[in-house]
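Let us walk through this structure step by step. Keep the sequence and the model side by side as you read.

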Amino acid sequence: MCLDQMMLFGKISQQFCGLKKLPRSRDSRYFWGWLNAVFNKVDHERIRDVGPDRAASEWLLRCGAVVRYHGQERWQKDYNHLPTGPLDKYKIQAIDATDSCIMSIGFDHMEGLQHVEKIRLCKCHYIEDDCLERLSQLGNLQKSMLEMEIISCGNVTDKGIIALHHLRNLKYLFLSDLPGIKEKEKIVQAFKTSLPSLELKLDLK
């Protein structure tokens with residue numbers, strides 16, 4: 001896919017991500033699920049061509065998330081103004097996936113990311129336990145991840161949260177409005193055992 005096509009696709013996908021937040025009829029759910037799967041599809045050739053950080057940036061912004069690079073204060077929000085330059089220049093440090101349509105089939109984009117320190121998942125309707133399990137199994141993230149926030153993700157349960165103990169350098173974890181979590185005390189004990197230095201903050205019923 002040429003650069004002009006990529007930019008056009010990015011603009012269209014961002015417009016669709018805005019539209020999907022509007023009320024939708026039951027009959028349209030299959031269409032939006034299919035469309036979001038298209039946005040999340042992994043193009044391994046693209047990853048080889050532009051590097052994992054650039055490819056992951058394209059995936060995240062295409063799905064409505066934003067990223068911040070090492071050495072920069074501002075968040076990158078515009079797909080069509082992603083920075084260009086040497087492939088090793090822009091490394092993703094933080095990801096804010098609030099209201100995004102990222103889903104498990106896209107998580108292979110994270111495999112090559114070596115510098116991600118913080119991830120915020122808020123109101124991510126497609127985030128499920130298998131997403132968190134996949135994330136926690138990535139060796140690079142096990143080394144680099146320091147902070148994580150999971151808020152209002154209705155499909156996340158105790159199983160997915162407990163899997164995060166594999167992120168062995170995690171220093172801060174905030175969990176809020178997660179109705180799928182049923183055994184709060186079990187989670188607290190699991191992290192006390194596996195990550196005793198973790199600052200765990202809960203805002204759960």
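Start with helix H8. On the face turned away from its buried side, H8 carries the exposed residues Glu185, Lys192 and Thr193. Exposed means over 50% relative accessible area, buried under 20%, and partly exposed in between (1.4 Å probe, protein chains only). Helices (H or I, at least four residues) and strands (E, at least two) are DSSP runs, numbered from the N terminus.

This is a predicted model: local features need pLDDT of at least 70, side-chain atom pairs count only at pLDDT 80 or more, and totals for chains, interfaces and linings use all residues. Residues are numbered from 1 along each chain as its sequence is written, and side-chain values use heavy atoms, with hydrogens and water left out.

Now turn to the other side of the helix. H8 spans residues 184-194, and Ile187, Val188 and Phe191 are buried there. Seen down the axis of H8, these buried residues fall within an arc of 100° (taken from the directions from the helix axis to the C-beta atoms), so they line one face. Their cover includes helix H7 (158-162), strand S5 (172-176) and strand S6 (199-203).

Next, look at a charge and a ring. The charged end of Arg68 sits over the ring of Trp75, 4.8 Å from its centre. The rule asks for NZ of Lys or CZ of Arg within 6 Å of the ring centre and within 35 degrees of the ring normal.

How far can the model be trusted? The predictor's confidence in each residue is its pLDDT, from 0 to 100. The protein chain averages 86, and 82% of the residues score at least 70.

Notes: Contact = heavy atoms within 4.5 Å.
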